[in-house]
Amino acid sequence: MTQTQLTPTPRSAVARAELPASATSWATQTVFLTGWYLRTVRRRVMGKVLFWILVGIFAAVVGLQVAGYFIALNSGSEGAANCAPAPVTTQQAGEQPSGQPQQCQPLSQQEIQAAREAAAAAIRQTFTFPSSLTVAGGLTTFIGLILLVILAGAVVGGEYGYGTVRVALGRGVGRGQFIVAQAAALAVLALFTAGLMVALGSLVGATVGPLLGATLPAVGLEGAWEMVLFWLALSLNLFAFAAIALFMATLGRSTAAGIGFALGYFIFEGVAQGIVFIVATLLFSQPASADFVHHIPDWFIGNNVAFIVRNVSQAPLVINGPPLGGEAFDMTHALLVALAYLVVLIGGSYLLLRRRDVTD
Amino acid sequence: MNASAPGIPASESGPQSAAQTVLRTAGLTKQYGARVAVKDLALDVRRGDVFGLLGPNGSGKTTTLRMMLGLVFPTAGEIYLFGEPASSAGARAAGLKRVGAIAEQPAFYPFLSGEENLIGVAAFAGVPVTATTRARVREALEQVGLGPRGKDLYKRYSLGMKQRLGIAATLLTQPELIVLDEPTNGLDPAGMVEVRSLIGALAREGVTVLLSSHLLHEVQQVCTRVGILKEGRLLAQGEVSTLLAGSSGLLLGFAEAEQLPKAAGALLHAKEHGADWIRDVRYALPDPGAWAPPGGWLLRVDAPAERASEVNSLLAGYGLFAAELRRSEGSLEQYFLALTGGSGTQSGMTATAAASVPAPRTAGVAAPVPATGGQA
């Protein structure tokens with residue numbers, strides 16, 4: 001026990017500050033709650049660490065790209081590196097290898113310089129807008145996703161772990177409000193994470209690349225709109241997996257359940273696609289079955305949100321190339337599947353909590 | 001309930017207007033599979049009460065509090081908060097806005113300071129975070145003596161400080177009903193006294209307090225009314241003073257051990273021959289540290305204290321003279337143990353003796369044998 005003493009001061013003598021009136025509307029209180037959860041994220045050491053991990057990894061990737069650019073620009077000016085195989089003629093191609101040393105045909109200094117510059121320019125393009133967004137987007141949907149899932153599991157599972165769910169519900173927070181506020185906080189975090197990466201990608205692309213001689217394309221209104229859509233699509237990608245963490249943390253009433261299952265599912269999708277491909281191939285004698293199996297991944301949440309990201313970032317700015325192919329669905333399908341998953345995951349979280357006795 | 005155990009039936013409660021009733025339960029039942037945690041509970045907490053919810057471990061106290069706070073859903077029955085049924089989520093939420101509660105152990109975010117945690121409690125209550133909210137948070141911390149430590153992280157708090165923060169959280173929104181579950185857990189003796197003082201101050205301000213506690217002497221000191229639970233059932237509830245009124249009596253000590261059974265026989269004889277104001281005669285152990293007669297036993301006469309001189313005269317008629325004769329106020333502990341059939345010797349009178357040890361029927365018979373449990 002510390003030396004701190006509880007002073008039994010009469011309440012009226014102490015309580016001079018009147019609290020502002022409580023929110024009476026469901027929505028307003030839910031907004032307050034959402035704000036509170038975001039505040040807890042900001043105050044968590046974990047939140048800060050994950051933030052800097054993401055920024056650090058992005059900075060490291062950009063740093064490697066810039067280093068690669070300079071290495072390419074100044075690479076080998078002597079020895080074998082400056083040699084190129086002698087031109088192969090039709091006649092020589094038909095002959096058996098003679099065992100003689102390879103003939104190098106030295107390039108001229110101009111050719112060497114041009115090759116270096118071409119290689120360097122190709123690398124420079126990766127950190128120049130809009131290709132810089134491709135890198136930022138890729139990091140967001142991989143590293144960003146993993147980090148956000150960790151945070152989501154901690155935020156939702158922490159309520160059960162710390163017992164603060166009892167405090168919230170005991171103060172009159174509705175169970176629906178509780179889930180909606182958590183989901184809203186995760187949505188804001190997804191928007192923030194994706195927004196941060198799009199902003200960093202744009203910033204790097206608009207400064208570092210041009211500083212090293214790259215030229216920027218005109219963005220225009222359509223380009224700006226594409227960037228907004230790209231940001232929203234990335235956010236959806238993140239939020240989908242955060243929603244899995246929300247559901248599983250609610251189901252398991254723990255942080256570990258939320259993080260473990262959401263990351264497990266992220267890995268599972270990749271593995272499952274390979275397995276599905278193999279099974280579909282093995283079923284070549286039964287075309288109907290093979291076709292059915294082949295299209296199972298079309299219903300995976302990860303595939304659909306990834307499709308949306310690619311689909312919204314192709315033109316006029318070429319952030320991502322066209323869809324990889326193989327998907328037998330379109331944007332409507334992808335949006336509907338993503339929406340259905342979110343409804344099931346968030347609605348399911350509410351249904352789990354709605355009639356549950358909170359005893360821990 | 002023991003026939004000799006004084007008390008008020010569980011159904012005690014006169015007509016109360018809705019305005020006077022802060023919390024009421026009717027037929028409240030909670031069942032976990034085949035196990036009944038709370039059965040047909042009819043509690044009645046009135047405005048201004050400091051209401052103690054008592055019961056042995058597993059009697060259903062915490063389940064009852066959880067149901068009141070909307071954490072656990074009743075299997076049957078109804079809870080009325082401030083006169084309104086709290087069965088719907090909206091009504092429950094509206095009622096709980098007027099309640100400040102610690103359910104079980106205080107629960108806070110370990111990575112936040114005490115001050116920030118209370119801001120969170122305000123957010124849960126739907127209160128916007130403004131300068132006034134912060135000022136009120138600091139006041140609540142001052143109120144429980146945590147002012148200087150408000151900016152420390154919760155995870156750095158001692159158990160007692162955590163308990164204080166829990167109490168501050170209940171005070172924060174200046175609720176009409178405060179629910180405290182074992183509020184002095186983890187506090188040192190000085191802290192316990194301070195909490196009792198705080199509860200008293202709150203009661204004087206008109207705040208209704210509902211507390212559950214195992215510390216019966218503590219409950220007796222601060223509570224105006226109590227409800228006693230056992231195995232999920234309400235055995236009794238009522239004003240503490242009323243419940244204990246029938247349990248006051250007289251304690252007699254004799255300088256010679258052999259006089260004790262003689263005196264017991266004499267008093268029982270008198271009881272059977274007209275002295276019907278003698279309710280019971282039992283052996284009792286003295287309070288720890290108090291004077292102990294030869295043989296170690298006292299005689300407890302359940303009779304109005306104002307009959308002391310008559311008891312003295314009656315014994316004198318038999319040539320028996322008490323070396324000590326004093327009033328024995330009934331304690332909640334004795335009452336509780338008698339009612340719940342528990343055991344213990346905490347206040348000097350063995351509980352089992354108080355509850356079930358038969359008094360000697362005739363003088364000189366069934367001399368008390370000091371033994372564990374106080375069986376005579």
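1. Helices α9(A) and α10(A) lie oblique to each other, because their axes cross at roughly 140°, and an angle counts as roughly antiparallel when it is over 145 degrees. Please keep in mind throughout that the model is a predicted one. In chain A, α9 covers residues 220–252 and α10 covers residues 255–282, and the two axes come within 7 Å. The crossing in which α9(A) passes α10(A) is right-handed.

2. As for the residues that make this contact, α9(A) contributes Phe241(A), Ile244(A), Ala245(A), Leu246(A), Met248(A), Ala249(A), Leu251(A) and Gly252(A). From α10(A) come Thr255(A), Ala257(A), Gly258(A), Ile259(A), Phe261(A), Ala262(A), Tyr265(A) and Phe266(A). Sorted by class, the contact of α9(A) with α10(A) holds 13 nonpolar and 3 polar residues, with no charged residue among them.

3. On the side of α3(B), the contact is made by Gly114(B), Glu115(B), Leu118(B), Ile119(B) and Ala122(B), while α4(B) supplies Thr133(B), Val137(B), Ala140(B) and Leu141(B). The class count for the contact of α3(B) with α4(B) is 6 nonpolar, 2 polar and 1 charged.

4. Turning to the strands of chain B, β13 (residues 280–284) is mostly covered, with 4 of its 5 residues buried. Its partner β14(B), which spans residues 298–302, pairs with β13(B) in the antiparallel sense over 5 bridges. Within this pairing, Val281(B) stands opposite Val301(B) of β14(B).

5. Finally, there is the contact between the two chains: how many residues does each chain give to it? Chain A gives 44 residues and chain B gives 57 residues. On the side of chain A that touches chain B, the elements that provide two or more residues are α1 (11–14), α2 (26–43) and α7 (164–170) of chain A. That side of chain A is made up, by class, of 20 nonpolar, 15 polar and 9 charged residues.

Note on methods: Residues numbered from 1 in each chain as written. Chains lettered and ligands numbered in written order. Predicted model: local features only at pLDDT ≥ 70, side-chain atom pairs only at ≥ 80, totals over all residues. Contact = placed C-beta atoms within 7 Å. Nonpolar A, V, L, I, M, F, W, Y, C, P; charged D, E, K, R; others polar. Buried ≥ 20, exposed ≤ 12 C-beta atoms within 10 Å, placed from the backbone. Pairing = 2+ DSSP bridges. Axes fitted to C-alpha atoms, helices over the stretch in contact; angles between N-to-C directions. Parallel < 35°, antiparallel > 145°, perpendicular 65-115°, else oblique. Left-handed = near helix turned anticlockwise from the far one by under 90°.
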